[in-house]
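I am opening a notebook on this structure. The entries below record what I looked up, in the order I looked.

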Amino acid sequence: MQSEKMVVKVVRDVAYVLDINQRGWSPMRMMRMSDWICYAVGYVFLTSGILKLVVSDFKATFMGLSLPFPESLLFLVAITEIACSAFILARMYVRQAAAPLILIILGAIFFTKLPVLMDQGFLTFAFEARLDIVMLILLIMLWQHTSNQQT
């Protein structure tokens, strides 16, 4: 039932955008900025979580980080990314879903990007971490500016 509501909302939002293109710009027809941020963040983390479950290269990457129980941790991170991104895409419990994703992205920056900074310098780090930093900023915006209740 919730997935049907989410699909209806996405279709309605896309229809608004198409209607704006046909009739001209109208502030009443524009989607809220937070909707676009939810779509972008949800898309990135949903695809990331699915790839972590499907692509075997991630298992080797997690093994190389010297973390305890790397296979279990990989599965936990992937399921968390999928579940939280689904909540964000549905714009339900956005603030609660953003918090674990903020922790995951901070962990990704700490374990995978900071070694690049130490070994290869700032410019390489800035290039390698660009998506992580943008997602961190968007997640913090969602966490700060979204009400505690579902929308």
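Where is Tyr93 found? I located Tyr93 in the loop between α4 and α5 (94-120). I note at the start that this is a predicted model.

**Entry on backbone angles**

I looked up phi for Tyr93 and found a value near 50°, which is positive in a residue other than glycine. I then turned to Phe69, where phi is also positive and near 50°, again in a residue other than glycine. I placed Phe69 in the loop between α3 (57-64) and α4. Is Phe69 buried or exposed? I recorded Phe69 as exposed, because its relative accessible area is 67% and the cut-off for exposed is over 50%.

**Entry on aromatic pairs**

How many aromatic pairs does the structure hold? I counted 4 aromatic pairs, and I wrote down two of them, starting with Phe87 and Tyr93. The ring centres of Phe87 and Tyr93 are 5.9 Å apart. Phe87 is partly exposed at 36% relative accessibility. Tyr93, the loop residue of my opening question, is partly exposed at 36% relative accessibility.

Next I took Phe122 and Phe125, whose pair is tilted. I noted 6.3 Å from centre to centre and 45° between the planes. Both residues belong to helix α6 (residues 122-128). Because they are 3 residues apart there, about one helical turn separates them.

**Entry on charges over rings**

I looked for charged ends placed over rings and noted Arg95 and Arg130. The charged end of Arg95 lies over the ring of Trp143, at 4.6 Å from the ring centre. The charged end of Arg130 lies over the ring of Phe127, at 3.9 Å from the ring centre.

**Entry on the nonpolar patch**

Which residues form a nonpolar patch on the surface? I listed Ile50, Leu51, Leu53, Val54, Val55, Phe75 and Ile79. Together they have about 600 Å² of accessible area. I checked which elements give two or more residues to the patch, and these are α2 (33-54) and α4 (70-89). The greatest contribution comes from α2, with 4 residues. I looked at one member separately: Ile79 has its place in helix α4.

**Entry on cysteines**

How many disulfides does a search of the whole structure find? I recorded 0 disulfides. Cys38 is buried, with a relative accessible area of 3%. Cys84 also counts as buried, at 9% relative accessibility. I wrote "buried" for both because the cut-off is under 20% relative accessible area.

How values were computed
Residues are numbered from 1 along each chain as its sequence is written. This is a predicted model: local features need pLDDT of at least 70, side-chain atom pairs count only at pLDDT 80 or more; totals for chains, interfaces and linings use all residues. Side-chain values use heavy atoms; hydrogens and water are left out. Patches are made of residues with over 30% relative accessible area and no salt bridge: like charges are joined within 9 Å, nonpolar side chains (Val, Leu, Ile, Met, Phe, Trp, Tyr) within 5 Å. Accessible areas come from the Shrake-Rupley method with a 1.4 Å probe; for residues, only the protein chains shown count as cover. A salt bridge is a side-chain nitrogen of Lys or Arg within 4 Å of a carboxyl oxygen of Asp or Glu. Rings of Phe, Tyr and Trp (its six-membered ring) pair if their centres lie within 6.5 Å; planes under 30 degrees apart count as stacked, over 60 as edge-to-face and the rest as tilted. Buried means under 20% relative accessible area, exposed over 50%, partly exposed in between (1.4 Å probe, protein chains only). A charge sits over a ring if NZ of Lys or CZ of Arg is within 6 Å of the ring centre and within 35 degrees of the ring normal. A disulfide is a pair of cysteine sulfur atoms within 2.5 Å.
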